[in-house]
Amino acid sequence: MKKMVMALCAFAITAAFAISDSDYDKFDTLDESGRYKEALAFLKPLAEAGDGRATTLIGYLYEVRFDSYGEGIKWYKKGMELNDSLAYKNMGWIYYLMRDYKLAAKAYEKASDLGNVQADAMIGNMYLNGIYYTRDYKKALVYIQRAAEKNNAQALTDLAICYENSYGVARDLNKARELYRRGAAGGNEYAQKALGRL
């Protein structure tokens, strides 16, 4: 469970106020143990004090734990106003799922500017696949390699795809296999399947 939350909440201090590591650990413990109402009560005073990350984590609780999508979006937007990279990344994903790729790209770009690795991976993927952006392997590789350096499973998998298919790099099946292994170890399903065929 902790890995899932960490994946959703790639921790980068970006707001004017940022939740401390000990406060995040307390939130994570409450979340892991299913004590979502206690986690919400713990985060609210921090959010009211202007903490962007706490505000975004409240959005996460509403969206993911309480199945209150609209309330989650409301809190993510508050997190965006506080310049939190995770809020922008989460809204990027919501816009992406809604197929509003223009808004997704803008949210991901802002999250990337604020240092969010998952946003880098998504922008790279969108360039790689020609989603919103014109397909551009060189631009894709800039974002993908940045995220792959941080061991992002999606980016590692996309980089493997580039090496397997010679997208912007020389074809190198050994490098592709190595990257697929690393992506698979990070939980990427495409990478897991690709290892079976290479």
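Trainee: Where is R197 found in this predicted model, and is R197 buried, exposed or partly exposed?
Mentor: R197 is found in helix α12, which covers residues 189-197. Its relative accessible area is 45%, and since buried means under 20% and exposed means over 50%, a value in between makes R197 partly exposed.

Trainee: What makes the pairing of R197 with Y190 a polar contact?
Mentor: The side chains of R197 and Y190 are joined at 3.4 Å, and the term applies to a pair of N or O atoms within 3.5 Å, one able to donate a hydrogen and the other to accept it, so the pair qualifies as a polar contact. D120 is 77 residues from R197 along the chain, and the C-alpha atoms of the two are separated by 28 Å.

Trainee: Why is T56 called buried?
Mentor: The relative accessible area of T56 is 0%, and buried means under 20%, so the word applies to T56. T56 lies in helix α4, residues 52-65, and, neighbours within four places in sequence aside, T56 is in contact with Y76, G79, D84, L86, A87 and N90.

Trainee: Why does S112 count as buried?
Mentor: S112 has 10% relative accessibility, and because the cut-off for buried is under 20%, S112 falls in that class. S112 lies in helix α7, residues 101-113, and the side chain of S112 makes a polar contact of 3.4 Å with the side chain of R146. Apart from neighbours within four places in sequence, S112 is in contact with A119, D120, I123, Y143 and R146.

Trainee: What is said of the phi values of D67 and R99?
Mentor: Phi of D67 is near 50 degrees, a positive value in a residue other than glycine, and R99 has a positive phi of about 65 degrees although R99 is not a glycine either. D67 is placed in the loop between α4 and α5, whereas R99 is placed in the loop between α6 and α7.

Trainee: How do you know whether D67 and R99 are buried or exposed?
Mentor: Exposed means over 50% relative accessible area; D67 has 68% and R99 has 64%, so both are exposed by that definition.

Trainee: Which class do the glycines G183 and G92 belong to, buried or exposed?
Mentor: G183 has a relative accessible area of 0% and G92 has 0% relative accessibility, so both are buried, the term meaning under 20%. G183 is placed in helix α11, residues 173-185, and G92 in helix α6.

Trainee: How many helices and strands does the protein chain have, and why is the chain called as compact as a globular protein of its length?
Mentor: The chain comes to 12 helices and 0 strands. Its radius of gyration is 18 Å, close to the 16 Å that the globule rule gives for 198 residues, so the chain is as compact as a globular protein of that length. Along its principal axes the C-alpha trace spans about 55 × 30 × 25 Å.

Trainee: What share of the chain is buried?
Mentor: Buried residues make up 49% of the 198 residues. The chain exposes about 9,900 Å², of which carbon and sulfur atoms supply 50%.

Conventions: Residues numbered from 1 in each chain as written. Predicted model: local features only at pLDDT ≥ 70, side-chain atom pairs only at ≥ 80, totals over all residues. Heavy atoms only, no water. Helix = DSSP H or I, 4+ residues; strand = E, 2+ residues; numbered from the N terminus. Rg over C-alpha atoms; globule rule 2.2 N^0.38 Å. Buried < 20%, exposed > 50% of the residue type's maximum accessible area, 1.4 Å probe, protein only. Areas by Shrake-Rupley, 256 points an atom, 1.4 Å probe, with all protein chains shown as cover. Contact = heavy atoms within 4.5 Å.
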